[in-house]
Amino acid sequence: MIVAEGLTKYYGPKLALVDVSLRVGRGEILGLLGPNGAGKTTMMRVLAGYLPPTAGRAEIAGYDITRQALEARRRIGYLPETVPLYPELTVRAYLDFQARLKGVPARRRRERIATVAERTGAADVIDTLIGKLSRGYRQRVGLAQALVHDPPVLILDEPTVGLDPRQIIETRQLIKGLAGEHSVMLSTHILPEVAMTCQRVAIISDGRVVAEDTPDNLTRRLRGADIVELEIRGPQQDVAAALRGLAGVRQVESQSRDGRLRLRVECELGQDLREQLAATVVGRGWGLLELRPVGMSLEEIFLQLTTKEEELSETA
Ligand SMILES: Nc1ncnc2c1ncn2[C@@H]1O[C@H](COP(=O)(O)OP(=O)(O)OP(=O)(O)O)[C@@H](O)[C@H]1O
Ligand SMILES: [Mg+2]
């Protein structure tokens, strides 16, 4: 439903998007995850037809965003980063205006407005002037206008920004509920958000997609190592050296505190070395106080992925 091929965008001399290719299938939710300035908003504005790409092409529901711009735009619900709203309109009047603009037939408008207001939690403020709304409610109205014409494709730029915790949960549920009938691309820099809402994640850094997979696979694929944490009573140098010497161990970090050693042992991916580690420690007569495997969080992967290459070569 969303196809991007080699999208590149310069703002004057500034390169904001570099050769980005992505696909979102029917009924799928793709999360664009990246730090500030990564290019998420740029990507979404290009797809939504608000910004021409410098190079590359994209399709929305089979329509080329440049050559068939009108057809493509009609099939998109877009929640921009800053929602342009009309302060002097009531929420109802604004949604009616948006519904008209997006070609919702007159006989369906009232029902569509009621439905989306209900689903986005904007129903409480339906007769309030937009200018008087709090930030969170504006965000809900923004979401409601993106949904009002029931588009097959949704492009949501940080949909949960500014919402209170309860509304964040409700919005994530709403977005999940949209999958199936709609194809969704959302952006966020909140890591648990992608894991909770998206089936696939594209990690974007400096305008490039540096990884793309399911949240689970990404964790597994990019982990590259299994980590075991140990607490041991024994001489720091000797313990670290002994564990480092085991086949399959990539790295050992140790810290000494109150006569106890805390060790973080990085093993080759897929190698369960817990027994060997335990046997080595016990065999040398040291005290094994604790041993547990640690998974790496998306957060760590994200940091690892978006670490600049210079920094990587320094630590390698
Ligand atoms: N209109 C513009 N003119 C010049 N440079 C721009 C413009 N808009 C964005 N940029 C630059 O392009 C890069 C990507 O910006 P973009 O807004 O797409 O990032 P983002 O991933 O959405 O970040 P955030 O998480 O802060 O919303 C940044 O370096 C930004 O400074
Ligand atoms: Mg942005």
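Residues are numbered from 1 along each chain as its sequence is written, and chains are lettered from A and ligands numbered from 1 in the order in which they are written. In this predicted model, local features need pLDDT of at least 70 and side-chain atom pairs count only at pLDDT 80 or more, whereas totals for chains, interfaces and linings use all residues.

The mean pLDDT (the predictor's confidence in each residue, from 0 to 100) is 88 for the protein, with 91% of its residues at 70 or more. Over residues 308-316 pLDDT stays under 50, and the model has one contact beyond four places in sequence for them; two residues are in contact if their C-beta atoms, placed from the backbone, lie within 7 Å. Where pLDDT is low, the predicted coordinates should not be read in detail.

Ligand 1 has 13 residues around it, of which Tyr11, Ala16, Lys40, Thr41 and Thr42 come nearest; a residue is near a molecule if its C-beta atom, placed from the backbone, lies within 6 Å of it. Helix H1 (40-47) and strand S2 (14-24) each supply at least two residues of this shell, and the largest share, three residues, comes from H1. Helices (H or I, at least four residues) and strands (E, at least two) are DSSP runs, numbered from the N terminus. Seven of the eight residues of H1 are buried (20 or more other C-beta atoms within 10 Å of their own, placed from the backbone), so H1 is largely enclosed by the rest of the structure. Lys40 and Thr42 are among these buried residues. Glycine 49, with a positive phi near 85°, follows H1.

Six strands form an open sheet with mixed pairing, in the order S6-S7-S8-S3-S9-S10; two strands pair if DSSP finds at least two bridges between them. Strands S6 (76-79) and S10 (208-213) stand at the edges, each with a single partner strand, so one side of each is left without a neighbour in the sheet. S6 runs parallel to S7 (residues 153-157) and is joined to it by four bridges, with leucine 156 of S7 as the bridge partner of leucine 79.

Aspartate 150, in the loop between helix H5 and S7, has a positive phi of about 50° although it is not a glycine. Aspartate 258, in the loop between strands S12 (249-257) and S13 (260-268), also has a positive phi of about 50°. Aspartate 258 counts as exposed (12 or fewer such C-beta atoms), with 4 C-beta neighbours inside 10 Å.
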